[in-house]
Amino acid sequence: MAKRDDSVGIIQQELTAFARRARATAARMHPELSLVSYTLLAHLDDQKGCRATDLAAHYLLDKSTVSRQISALERLGYVERRVAPDDHRVQVLHPTELGAQVLASAGAQRRQAFTDRLADWDDADLERFASYLLRYNATQQQLD
């Protein structure tokens with residue numbers, strides 16, 4: 001049991017370091033696009049638009065947090081609001097053309113950073129690591 005507890009402790013410590021590094025890297029690559037903003041913008045792009053309340057629910061964020069992030073993205077010209085075609089009372093958030101370009105650029109830079117960091121890993125290690133992350137995140141989604 002002690003060995004399992006040690007492993008869980010290491011995982012917790014390393015995931016915390018990973019999150020800290022991810023935020024710092026995002027800030028260096030695109031200072032105007034925080035990791036949270038990048039994530040929200042990517043979700044809007046993937047979903048072809050959605051409501052702010054849907055973003056808050058999906059990421060388990062407070063509505064005020066999402067509102068602040070979306071306001072910042074709107075000020076930068078990365079997000080726009082459109083009236084929902086099926087309910088004119090509802091506003092749907094969409095990336096603008098500029099937002100889509102910034103997202104693509106940031107995504108390419110992030111992918112290159114991962115490629116560089118993992119350059120000396122062999123294919124089997126990469127596949128194993130990817131499968132562990134998928135498994136971990138799938139388990140986490142079930143708990144949410």
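This is a predicted model: local features need pLDDT of at least 70, side-chain atom pairs count only at pLDDT 80 or more; totals for chains, interfaces and linings use all residues.

Colleague: Okay, how does the span of α1 compare with what its 28 residues should give?

Modeller: It agrees: at 1.5 Å a residue α1 should span 40 Å, and its end C-alpha atoms are 40 Å apart.

Colleague: Nice. Which residues of α1 are buried?

Modeller: Those are Ala17, Ala22 and Ala26. The cover over these buried residues includes α2 and α5.

Colleague: And on the outside, which residues form the nonpolar patch on the surface?

Modeller: Ile11, Leu15, Phe18, Phe114 and Tyr136 make up that patch, and together they have about 460 Å² of accessible area. Helix α1, which covers residues 2–29, gives the most, with three residues.

Colleague: Where does Phe114 lie, then?

Modeller: Phenylalanine 114 belongs to helix α5, residues 97–117. Its relative accessible area is 39%, so it counts as partly exposed.

Colleague: Let's switch to α2. Is His43 buried or exposed?

Modeller: Histidine 43, which sits in helix α2 (residues 35–47), is buried, since its relative accessible area is 10% and the cut-off for buried is under 20%.

Colleague: What is it in contact with, apart from its neighbours in sequence?

Modeller: If you leave aside neighbours within four places, histidine 43 is in contact with Cys50, Leu55, His58 and Tyr59.

Colleague: I'm curious about the backbone as well. What is phi of Lys48 near?

Modeller: Phi of lysine 48 is near 60°, a positive value in a residue other than glycine. Lysine 48 is in the loop between α2 and α3, and it is exposed, with 65% relative accessible area.

Colleague: And what about phi of Leu60?

Modeller: Leucine 60 also has a positive phi, near 55°, and again this is a residue other than glycine. You'll find leucine 60 in the loop between α3 and α4. At 58% relative accessible area, leucine 60 counts as exposed, because the cut-off for that is over 50%.

Colleague: Which residue in β2 is the bridge partner of Arg82?

Modeller: Valine 92 is the partner of arginine 82. Arginine 82 also has a salt bridge with glutamate 80, where the closest N and O atoms are 2.8 Å apart. Arginine 82 is partly exposed at 39% relative accessible area, and glutamate 80 is partly exposed at 31%.

Colleague: How many salt bridges does a search of the whole structure find?

Modeller: The search finds five. Another of them pairs arginine 89 with aspartate 87, with the closest N and O atoms 2.9 Å apart.

Colleague: How exposed are Arg89 and Asp87?

Modeller: Arginine 89 is exposed, with a relative accessible area of 75%. Aspartate 87 counts as partly exposed, at 21%.

Colleague: And what does Arg128 form a salt bridge with?

Modeller: Its partner is aspartate 125, and the closest N and O atoms are 2.5 Å apart. Both residues lie in helix α6 (residues 123–143), three residues apart, which is about one turn of the helix. Arginine 128 is partly exposed, with a relative accessible area of 39%, and aspartate 125 is partly exposed too, at 31%.

Colleague: Great, thanks for the tour!

Technical notes:
Residues are numbered from 1 along each chain as its sequence is written. Side-chain values use heavy atoms; hydrogens and water are left out. Two strands pair if DSSP finds at least two bridges between them. Helices (H or I, at least four residues) and strands (E, at least two) are DSSP runs, numbered from the N terminus. Patches are made of residues with over 30% relative accessible area and no salt bridge: like charges are joined within 9 Å, nonpolar side chains (Val, Leu, Ile, Met, Phe, Trp, Tyr) within 5 Å. Accessible areas come from the Shrake-Rupley method with a 1.4 Å probe; for residues, only the protein chains shown count as cover. A salt bridge is a side-chain nitrogen of Lys or Arg within 4 Å of a carboxyl oxygen of Asp or Glu. Buried means under 20% relative accessible area, exposed over 50%, partly exposed in between (1.4 Å probe, protein chains only). Contact means heavy atoms within 4.5 Å. The expected span of a helix is 1.5 Å times one less than its number of residues.
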